[in-house]
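Please look through this structure with the short briefing below. It goes topic by topic.

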Amino acid sequence: MTERRLWSWLAVVLGGLYFLLPLVGMFDFSLRMQRDGYGFEAYRVVLADPQFQQTFGYSVALALVTIVLGILIVVPTAYFVRLRFPSLRPIVEFLTLLPLVIPPIVIVFGYIRIYNTSSVLPLTGSWWGTNLLILFGYATLSLPYMYRSVDTGLRTIDVGSLTEAAQSLGAGWARILAVVVLPNVFVSVLSGAFLTFAIVIGEYVFAALLNVGSFGPYMVWMGGNRAYEPSALAVVAFAITWACMGLIQLVTRFSKFSTVRR
Amino acid sequence: MTTIVASLPAALRPRQVLSWVGVAPFFLFATLFLILPTLNIVLGAFRNAEGQLTLENLGKLLAPSIRSAFWISIELSLLTAVLGCFFGLLIAAAITLGGLPRPLRNAILTFSGVASNFAGVPLAFAFIATLGRLGFVTMLLRQWFGINLYGAGFNIVSFLGLALTYLYFQIPLMVLIITPALEGLRREWREAAESLGANGIQYWRLVALPVLWPSLLGTLALLFANAFGAVATAIALTGSSLSIAPIVLFAQIRGDVLNDPHLGYAIAFAMILLTAIANAVYILLRMRAERWVK
């Protein structure tokens, strides 16, 4: 027993070294911009860079709109599939898993071929079109996470009774979805949303190939042209990923407490 | 009026029609931004510039440069999948069966959730800052132990460097997927094996591994697909100096694709084929594995 515990500790310590060293290395490197010792110079330079502010702000806005679009598409679908079309379930599940199977670079390649300037729907030709296209692309990437978390959330509530109760009080579909269903699966929606945020904020391939000035291409550009700033950016990106995952844990724990109380 | 409504097929009743309106946006969206783009690529792979059916494009995949790019990609994905499975299993076994304190187990699972999502550009930066020419570990090894990594031929911008970097998201993914499977190993099975006189190795060889192997192989397939589709990490780490399949496709789309879009189609089609096979293997084996975890 003690021998097994010894081996376990060894595995965890070696694993810990492998996983912590890059984080330490990235943090250490990000502090070395000043010649006279450690300091937060790289962060100051990055945060003051107008390009950073612009691309980061753009990516945050894009992530938020993606989340809203994802909710608008996924929540009604998951709800109606559960309530009215159980037979559609395998098809919908298959479709929502496809973005994990088809590499994103292939999906965006398809977009460029279908929606280019010489097509029926020339989205890549205009500023609005390109933004719409990348928004739809990110919503597609978020489908697996959004659908699974919303569907899990719906499983824990009695959709049929809630719907009948709301209908008997005179609520229409839009009202049922917004006032009854959404608040009940809100915690699940939030986990899907945070995951989506973490994915969209630093996404590179879609943005680079659609020529969108978001945070991902900005990071790559910095990586090719600067020494210390990329590490500062990596620390920022890592902090965002941490925050998103931490928030998911937090809301899930919160929801567990609330269901116990009920 | 009511009799007419009642005699209509179920799908056409007003309520049902309204429900269809509820799911229609999803199907429209999936068709426009998932199915059609993918179909366009797949069909394009089998057509020439005049729109006739052909296998010529797929034949171009056999050109030495493309073939070697796919080969490096497959090697890289396979290597990181196998190593990711191995080390992931070790860590998962340590935190589930190794008698470590419970908070440590939870901390490692949370960290795995973060690390498996910490892919892409920032991950590449972290590894450059650590194992690059002036990286933290490179300098540490030189100053404290007199080991010159780069003198010994190591370079972060290489197959090995890329593999080391990929493992940073491969191992945690394995930990996340295999931990529930390990927790599904019942204590009674071990006790039963021990009461029949089995030692630890025999228990693993004859009981635990036969139960676990569908999960292990399935996750191996998933990790393979996971590494195969990763583009951003590779581009941020190597620029385009290491030509793996997704980077070749990236370059094709960016520049050369106007010269020969059908070669791009063929590369993309081959990528879909490989990741689809890997995912199908994962799903099939997962269904097999779930027979035991109930």
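The points below cover the model, its two chains, their contact and a few residues.

This is a predicted model, in which local features need pLDDT of at least 70, side-chain atom pairs count only at pLDDT 80 or more, and totals for chains, interfaces and linings use all residues. Residues are numbered from 1 along each chain as its sequence is written, while chains are lettered from A and ligands numbered from 1 in the order in which they are written. The model scores ipTM 0.87 and pTM 0.87.

**Confidence in chain B**

- Chain B has a mean pLDDT of 84, and 92% of its residues reach 70 or more; pLDDT is the predictor's confidence in each residue, from 0 to 100.
- Residues 1-8 of chain B have pLDDT below 50, and this stretch has two contacts in the model beyond near neighbours in sequence.
- Two residues are in contact if their C-beta atoms, placed from the backbone, lie within 7 Å.
- Where pLDDT is low, the predicted coordinates should not be read in detail.

**Chain A**

- Chain A has twelve helices and zero strands. Helices (H or I, at least four residues) and strands (E, at least two) are DSSP runs, numbered from the N terminus.
- The C-alpha trace of chain A spans about 75 × 70 × 30 Å along its principal axes.
- Of the 262 residues of chain A, 47% count as buried. A residue is buried if 20 or more other C-beta atoms lie within 10 Å of its own, exposed if 12 or fewer, and partly exposed in between, with C-beta atoms placed from the backbone.
- Among contacts in chain A with a separation of 6 or more, 74% join residues 24 or more positions apart.

**Chain B**

- Chain B has 13 helices and zero strands.
- Its radius of gyration is 25 Å, well over the 19 Å that the globule rule gives for 294 residues, so chain B is more spread out than a compact globule. The radius is taken over C-alpha atoms, and the globule rule is 2.2 Å times the number of residues to the power 0.38.
- The C-alpha trace of chain B spans about 80 × 60 × 30 Å along its principal axes.
- Of the 294 residues of chain B, 43% count as buried.
- Among contacts in chain B with a separation of 6 or more, 75% join residues 24 or more positions apart.

**Where the chains meet**

- The contact takes 63 residues from chain A and 60 residues from chain B.
- H2(B) gives the most to the side of chain B that touches chain A, with 17 residues.
- By class, that side of chain B has 41 nonpolar, 18 polar and one charged residues. Ala, Val, Leu, Ile, Met, Phe, Trp, Tyr, Cys and Pro count as nonpolar, Asp, Glu, Lys and Arg as charged, and the others, Gly among them, as polar.
- Phe19(A) lies in helix H1 (residues 2-30) of chain A. Phe19(A) is buried because 20 other C-beta atoms lie within 10 Å.
- Beyond residues up to four places away in sequence, Phe19(A) touches Phe111(B) and Ala115(B).

**A loop residue**

- Asn211(A) sits in the loop between helix H10 (205-209) and helix H11 (215-225) of chain A.
- Asn211(A) counts as exposed, because it has 11 C-beta neighbours inside 10 Å.
- Phi of Asn211(A) is near 60°, a positive value in a residue other than glycine. Most residues other than glycine have a negative phi.
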